[in-house]
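Let us walk through this structure together, one piece at a time. Take a look at the sequence and the fold first, and then read on.

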Amino acid sequence: MNEPEVIQAAIDSKFYDVILTSYNFQQKHYAEVRNAIAKAAQAGIGIVDMKAIRGGSRQDSTVKNPAAALKWVLQDPNVHTIVPDLPLSSR
């Protein structure tokens, strides 16, 4: 739940080229994560999203439309790629 702070620390360090972060529609603080991702992208850091479908918790494996969950993340121009994780029921 501290993605914004970690992303900001990566920006401030001026060391990282890429950030792998959790970002999805199920996060209660997705607006803060979106803002942090935008700042990182503006700083020239690549953004790789993970947990776009499941939401970061093994209990969140009941997303009814995985394609919509991926589309929600990909609509953000500051996300450069996704490492999708399919729900357990889809494997």
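**A helix and its surroundings**

Helices are DSSP runs of H or I with at least four residues, strands are runs of E with at least two, and both are numbered from the N terminus.

Before going further, a word on the source: this is a predicted model, in which local features need pLDDT of at least 70 and side-chain atom pairs count only at pLDDT 80 or more, while totals for chains, interfaces and linings use all residues. Residues are numbered from 1 along each chain as its sequence is written, and side-chain values use heavy atoms, with hydrogens and water left out.

Now zoom out. The protein has 3 helices and 3 strands, and along the sequence they follow the pattern α-β-α-β-α-β. The strands form an open sheet in the order β1-β2-β3, with parallel pairing; two strands pair if DSSP finds at least two bridges between them. At the edges lie β1 and β3 (81–83), each pairing on one side only.

Look at the pairings one by one. Strand β1 (residues 18–22) runs parallel to β2 (residues 46–50), and 5 bridges join them. Here V18 stands opposite G46 in β2. To get from β1 to β2, the chain passes through helix α2 (residues 30–42), making a right-handed β-α-β crossover: with the strands pointing away from the viewer, the path from the first strand over the helix to the second runs clockwise. Just after α2, G44 takes a positive phi of about 90 degrees.

What does α2 pack against? Its buried residues pack against α1 (3–13), β1 and β2. Those buried residues are V33, A36, I37, A38 and A40, where buried means under 20% relative accessible area with a 1.4 Å probe, counting protein chains only.

Finally, look inside. The largest nonpolar core has 16 residues, and I37 and A40 are among those with the most contacts inside it. Such a core is a set of buried Ala, Val, Leu, Ile, Met, Phe, Trp, Tyr and Cys residues joined through side-chain atoms within 4.5 Å. The largest share of this core, 4 residues, comes from α2.

Key:
Buried < 20%, exposed > 50% of the residue type's maximum accessible area, 1.4 Å probe, protein only. Contact = heavy atoms within 4.5 Å.
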